[in-house]
Amino acid sequence: MGVQDPQYLIHRDWMSQAIALAQAAGDAGEVPVGAIVVDPSGKAVARTENRRERDHDPTAHAEILALRTAGQVLQNWHLNGCTLYVTLEPCPMCAGAIAQSRLSLLVYGADDPKSGAIRTVLNLPDSPASFHRLSVLGGILESDCRDQLQSWFSQRRQSHGTKL
C-alpha cells in the first residue's frame, strides 16, 4: 500500500483522528490511546479514548470502549464489515474482544513491545485459539503514535521522579 494509495490516505485520516483522541486521553492523565470504529459505509460509529483512571475500570481501554459503543450504535455485537483504528497495538484483553466482535479489519499505529497481542509479543488473530480470522494493518502513522506515547511517558517520569 503506497503513500498515494487512496486506501492508505483514508487509513491515515482515521488514524490522525485517533491520535487526537489519544491526546485528549493523555491530557486527562490517561495513557494516550485513541480508537475509532468505522462501519462498512465509512461512517464513524464510535470514537473513544482510554478511561481506566477516570472510570476506575481496568477494562476501560480505548478499544474495549469503542467496541461497546459500536455494538450499541449498530444494535449488534457482530461488527462484521467494520474497521477499528487504534493508535497502539492491542493487548491480550483487547485482542480477545476484537476477535469476539468479528471486526473485518484492525488498523493500528505503533507496535507494543511489552504487551502487543496482534503481532509483537503474541499473535492472537492467527492463533488456533482464535476462531475469527481478522485482517490486520499495522504501522499507520507509526512514528506519530509512538512519539506521542514516548513523550507522554517521559513527561510522567519527569514529573513523578520515577520510572513508570
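**Notebook: pockets, a cavity and a few residues**

I started with the largest pocket, which has a volume of about 610 Å³. A reminder to myself: this is a predicted model.

**Entry 1, the pocket lining.** I looked up what surrounds the largest pocket and got 24 lining residues. Nearest its centre I found Val31, Leu88, Asp112, Leu149 and Phe153. Which element gives the largest share of the lining? I noted helix H5, residues 142-160, with six residues. Sorted by class, the pocket lining comes out as eleven nonpolar, nine charged and four polar residues.

Next I checked UniProt, where an unreviewed entry lists His61, Cys91 and Cys94 under "binding site". Why do I say that they gather at one spot? They span 34 residues in sequence, yet no two of their C-alpha atoms are more than 9.3 Å apart, so one spot it is. I then went back to the largest pocket and found His61, Cys91 and Cys94 in its lining.

I located His61 in the loop between H2 and helix H3, the latter being 62-74. Is His61 buried or exposed? I put it down as buried, because its relative accessibility is 15% and the cut-off for buried is under 20%. Leaving out residues up to four places away in sequence, I saw His61 touch Asn50, Arg52, Cys91, Met93 and Cys94. Two of the names from the binding site record, Cys91 and Cys94, are on that contact list.

I found Cys94 in helix H4, residues 92-101. Its relative accessibility is 0%, so I wrote it down as buried too. With residues up to four places away in sequence set aside, Cys94 touches His61, Glu63 and Ile64.

I moved on to helix H2, residues 52-55, which holds Glu53. Buried or exposed, I asked of Glu53? Exposed, because its relative accessibility is 52% and the cut-off for exposed is over 50%. Not counting residues up to four places away in sequence, Glu53 touches Gly29 and Glu30. I also checked Glu53 against Val31: they are 22 residues apart along the chain, and their C-alpha atoms are separated by 9.0 Å. Val31 had already turned up in Entry 1, among the residues nearest the centre of the largest pocket.

**Entry 6, aromatic pairs.** I searched the whole structure for aromatic pairs and got two. In one of them, the ring centres of Trp152 and Phe153 lie 4.9 Å apart and the planes are at 85°, so I logged the pair as edge-to-face. Trp152 counts as buried, with a relative accessibility of 11%. Phe153 is partly exposed, with a relative accessible area of 26%.

**Entry 7, the cavity.** How many cavities of 30 Å³ or more does a search of the whole structure find? I counted one, and the largest cavity has a volume of about 40 Å³. I listed its lining as Ala95, Ala99, Ile118, Leu124, Pro125, Ser130, His132 and Leu134. By class, I got six nonpolar, two polar and no charged residues there.

Last, I looked up the UniProt annotation "domain: CMP/dCMP-type deaminase", from an unreviewed entry, which covers residues 9-134. I noted that this span is 37% helix and 18% strand, and that its end C-alpha atoms lie 21 Å apart.

Notes
Residues are numbered from 1 along each chain as its sequence is written. This is a predicted model: local features need pLDDT of at least 70, side-chain atom pairs count only at pLDDT 80 or more; totals for chains, interfaces and linings use all residues. Side-chain values use heavy atoms; hydrogens and water are left out. Helices (H or I, at least four residues) and strands (E, at least two) are DSSP runs, numbered from the N terminus. Buried means under 20% relative accessible area, exposed over 50%, partly exposed in between (1.4 Å probe, protein chains only). Contact means heavy atoms within 4.5 Å. On a 1 Å grid over the protein atoms alone, a cavity is a set of points where a 1.4 Å probe fits but cannot get out, and a pocket is an open set with protein on both sides within 12 Å along at least five of seven lines; lining residues have an atom within 4 Å of a point. Grid points are joined across faces, edges and corners, and a volume is the space filled by probe spheres set on the points. Ala, Val, Leu, Ile, Met, Phe, Trp, Tyr, Cys and Pro count as nonpolar, Asp, Glu, Lys and Arg as charged, and the others, Gly among them, as polar. UniProt positions are given in the numbering used here, feature names are shortened, and annotations may be inferred rather than shown by experiment. Rings of Phe, Tyr and Trp (its six-membered ring) pair if their centres lie within 6.5 Å; planes under 30 degrees apart count as stacked, over 60 as edge-to-face and the rest as tilted.
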